[in-house]
Amino acid sequence: MARNEEKAQSMLNRFLAAKQDEKRGPKERRPYLATECTDLNEADKWRQQILREIGRKVMEIQNAGLGEHRIRDLNDEINKLVREKGHWERRIVELGGPDYAKTAPKITDSEGNEVLNNRGAGYRYFGAAKQLPGVKELFEKEAPKPAVRSRFQLHKSITPDYYGFRDEEDGVLLAVEAEAEATIQAQALAEWQEKDEERQAALASVTDKALRKQQQQQSGADASGPQFVAYVPLPDQKAIEQMVLEKKKQELLSKYTSEALAKQQQEAKQLLNKQ
């Protein structure tokens, strides 16, 4: 039973709404061109209507879950309404009304820079449209590059103190350097003395070993008997090879030559020596 009453109530509400629409007459549509309007009050009414539509769509575009295509469409519609608002504001000025573009607050970004002039020119991104692919990069600014200083700028602030020209004027540095120099010299002298003692000890041990070895050799020689030293010079390797070559040469000559031929060669050598 309650269901039928609800249906009847719903039908009654629709009937009452239709009757009210009949009393108000047909709904007016905003002119396509602002120049078609010749009444200042009408122009101001259409401007207010555009502002309400812009506000409603800006609220709707804040929802990032609408999807990329819906967000892009909403952003296009908002920009279209902003341009249309500028047309109506110029038409209001032409009809003798106030200039809303001059009194309207400037639209700035997060850093305070104006991104839209008072006439509404330019394309803007609202709400979730700023996070769309390809749009987010437009709002990211590159990090400022470090300024490269020239050689003149680097040397401009350099004073003689940088090179240490006046470090010794107060006398403190000389005293500190003298103390440090004495300490370093003492350390170097102690290291040299320590190394010299080690070197002397090593030399003494080597000398003792050499003396003991020489004494052992002398005692062994005395025990084995007298030794003889030959003072005849011994031929080296080159002299020995020459002697072997001469000997082979003589053997070959004696083998393949007769005594008469050998005698003639000997006589020829003697004649050549005489000449």
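The legends below describe close-up views of a predicted model.

Local features are given where pLDDT is at least 70 and side-chain atom pairs count only at pLDDT 80 or more, whereas totals for chains, interfaces and linings use all residues. Residues are numbered from 1 along each chain as its sequence is written, and side-chain values use heavy atoms, with hydrogens and water left out.

**View 1. Overall arrangement of the chain.** The chain has 10 helices and two strands, where helices (H or I, at least four residues) and strands (E, at least two) are DSSP runs numbered from the N terminus. Read from the N terminus on, the elements follow the order α-α-α-α-β-β-α-α-α-α-α-α. Of the 275 residues in the chain, 13% are buried; buried here means under 20% relative accessible area, exposed means over 50%, and partly exposed lies in between (1.4 Å probe, protein chains only).

View 2. The side chains of Glu42 and Lys45 meet in a salt bridge at 3.2 Å, N to O, the term standing for a side-chain nitrogen of Lys or Arg within 4 Å of a carboxyl oxygen of Asp or Glu. Both residues belong to helix H2 (residues 40–61), where Glu42 and Lys45 are three residues apart, about one turn of the helix. Glu42 counts as partly exposed because its relative accessibility is 25%, and Lys45 is likewise partly exposed, with a relative accessible area of 33%. By this rule, the count comes to 10 salt bridges.

View 3. Side chains of opposite charge can pair when their charged atoms come close. Glu89 forms a salt bridge with Arg47, with the closest N and O atoms 3.2 Å apart. This pair links distant parts of the chain, since Glu89 is in helix H3 (residues 68–94) and Arg47 is in helix H2, 42 residues apart; both Glu89 and Arg47 are buried. In a further salt bridge, Glu77 and Lys57 bring their closest N and O atoms to 2.8 Å. Glu77 lies in helix H3 and Lys57 in helix H2, so this pair ties together parts that are 20 residues apart in sequence. Glu77 is partly exposed at a relative accessible area of 30%, whereas Lys57, at 18% relative accessibility, counts as buried. Salt bridges that share partners also join Arg30, Glu53 and Glu84 into one network.

**View 4. The aromatic pair.** The structure holds one aromatic pair, formed by Tyr123 and Tyr125 in an edge-to-face arrangement, 5.2 Å centre to centre and with 75 degrees between the planes. Rings of Phe, Tyr and Trp (its six-membered ring) pair if their centres lie within 6.5 Å, and planes under 30 degrees apart count as stacked, over 60 as edge-to-face and the rest as tilted. Tyr123 is partly exposed at a relative accessible area of 41%, and Tyr125 is partly exposed at 23%.

**View 5. A nonpolar surface patch.** Leu12, Phe15 and Leu16 make a nonpolar surface patch of about 280 Å². Patches consist of residues with over 30% relative accessible area and no salt bridge, like charges being joined within 9 Å and nonpolar side chains (Val, Leu, Ile, Met, Phe, Trp, Tyr) within 5 Å; accessible areas come from the Shrake-Rupley method with a 1.4 Å probe, and for residues only the protein chains shown count as cover. Leu12 lies in helix H1 (residues 2–24) and, at 41% relative accessibility, counts as partly exposed.
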